[in-house]
Amino acid sequence: MSVTNISTIHKTISSITLKWDPITSPNHTFSYIVHYKHKKHKSCKEDRQDAVWEKVKKMTATTITAERLLPYSEYLFKIAAVVGEVMGNFIEYTETTSPM
């Protein structure tokens with residue numbers, strides 16, 4: 001029960017929109033938990049060690065837009081599927097905000 005085919009569908013200087021394939025089952029309704037953190041600015045060689053995971057929200061949609069992001073920065077997202085009280089593994093995805 002893991003999210004698959006995460007991809008970027010739009011990005012700007014301060015936002016990133018992701019999508020993934022829905023998990024389907026005739027007997028269950030799935031929701032998703034999305035977290036992200038600022039990984040590094042493009043001028044930095046190393047990842048930030050003090051970055052904190054931000055929880056976007058728990059939702060049933062299979063797209064999410066993270067807003068108010070820093071320009072020229074790399075973000076690490078992690079997404080997990082949830083059914084009832086059971087959560088699948090987090091799948092990670094990295095994307096960078098676009099320059100103007």
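The model is predicted, so local features are described at pLDDT of at least 70 and side-chain atom pairs at pLDDT 80 or more, while totals for chains, interfaces and linings use all residues. Residues are numbered from 1 along each chain as its sequence is written, and side-chain values use heavy atoms, leaving out hydrogens and water.

**Overall fold**

- The protein has zero helices and eight strands, and from the N terminus its elements read β-β-β-β-β-β-β-β.
- Helices (H or I, at least four residues) and strands (E, at least two) are DSSP runs, numbered from the N terminus.
- Among contacts with a separation of 6 or more, 63% are between residues 24 or more positions apart; a contact means heavy atoms within 4.5 Å.

**Surface and burial**

- The protein has 100 residues, and 40% of them count as buried.
- Buried means under 20% relative accessible area, exposed means over 50%, and partly exposed is in between (1.4 Å probe, protein chains only).
- The accessible surface is about 6200 Å², with 49% of it belonging to carbon and sulfur atoms.
- Such areas come from the Shrake-Rupley method with a 1.4 Å probe, and for residues only the protein chains shown count as cover.

**Two salt bridges**

- The structure contains two salt bridges, each defined as a side-chain nitrogen of Lys or Arg within 4 Å of a carboxyl oxygen of Asp or Glu.
- One of them joins E95 and K11, whose closest N and O atoms are 2.9 Å apart.
- Because E95 sits in strand β8 and K11 in strand β1 (residues 4–11), this pair ties together parts that are 84 residues apart in sequence.
- E95 is buried at 13% relative accessibility, whereas K11 is partly exposed at 33%.
- A salt bridge also links E74 to K39, with the closest N and O atoms 3.4 Å apart.
- This pair connects distant parts of the chain, since E74 belongs to strand β6 (residues 73–83) and K39 to strand β3 (residues 31–41), 35 residues apart.
- E74 counts as buried, at a relative accessible area of 18%.

**A look at N89**

- N89 is exposed, with 56% relative accessibility.
- Setting aside neighbours within four places in sequence, N89 touches M1, S2, I79 and A80.
- N89 and V3 are 86 residues apart in sequence, yet their C-alpha atoms are 8.3 Å apart in space.
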